[in-house]
Amino acid sequence: MVLPPYQSRGYGKFLISLSYHLSKQVGRICGPEEPLSDMGKICYKSYWTNVLLMALLENKGNLSIKELSDLAMIRERDIILALQELNLVKYCKGQYILSTVSPKVIEQHFKGKEEKLKKSKKQELKFDPNMIKS
């Protein structure tokens, strides 16, 4: 939980990154405790979107939703939720199918994110998994 005076400073994404990293270490797919607040939804969707697009970029878009889930340790329903907003998921014959994703679409997303960050003059707080000692 991030208290109101400290919101919009990157602490939420930092905590989310830490949580998912720890779940990767134990090999367990996880998700947030529900119901989420409005700010929580925004923060989680942003995290999921970034992680999923990076995974798609690294794998040239050749992943299924199940493979994305296993790779990122994010629940399939959360993956679908995040990718629906980007119109990268289609519902066909009772199942969700990942649309073809071009590297240009992914790069445009990250460019837009960088520009927003520059305009806001905020520094993004990043989680470094190398700082965790087992």
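Charges to begin with: the protein has 22 positive and 14 negative ones, and their mean positions are 4 Å apart. Lys and Arg count as positive, Asp and Glu as negative, with His and the chain ends not counted; each charge is placed at NZ of Lys, CZ of Arg, CG of Asp or CD of Glu.

This is a predicted model, where local features need pLDDT of at least 70, side-chain atom pairs count only at pLDDT 80 or more, and totals for chains, interfaces and linings use all residues. Residues are numbered from 1 along each chain as its sequence is written, and side-chain values use heavy atoms, leaving out hydrogens and water.

Next, the fold. There are five helices and two strands, in the order α-α-α-α-β-β-α. Helices are DSSP runs of H or I with at least four residues, strands runs of E with at least two, numbered from the N terminus.

Now the cysteines. The structure has zero disulfides, a disulfide being two cysteine sulfur atoms within 2.5 Å. Buried means under 20% relative accessible area, exposed over 50%, partly exposed in between, with a 1.4 Å probe and protein chains only.

Last, Arg 75. This residue sits in the loop between α3 (65–72) and α4 (76–84), and is buried, with 18% relative accessible area. Leaving aside residues up to four places away in sequence, Arg 75 touches Ile 29, Cys 30, Gly 31, Pro 32, Glu 34 and Ser 69; contact means heavy atoms within 4.5 Å.
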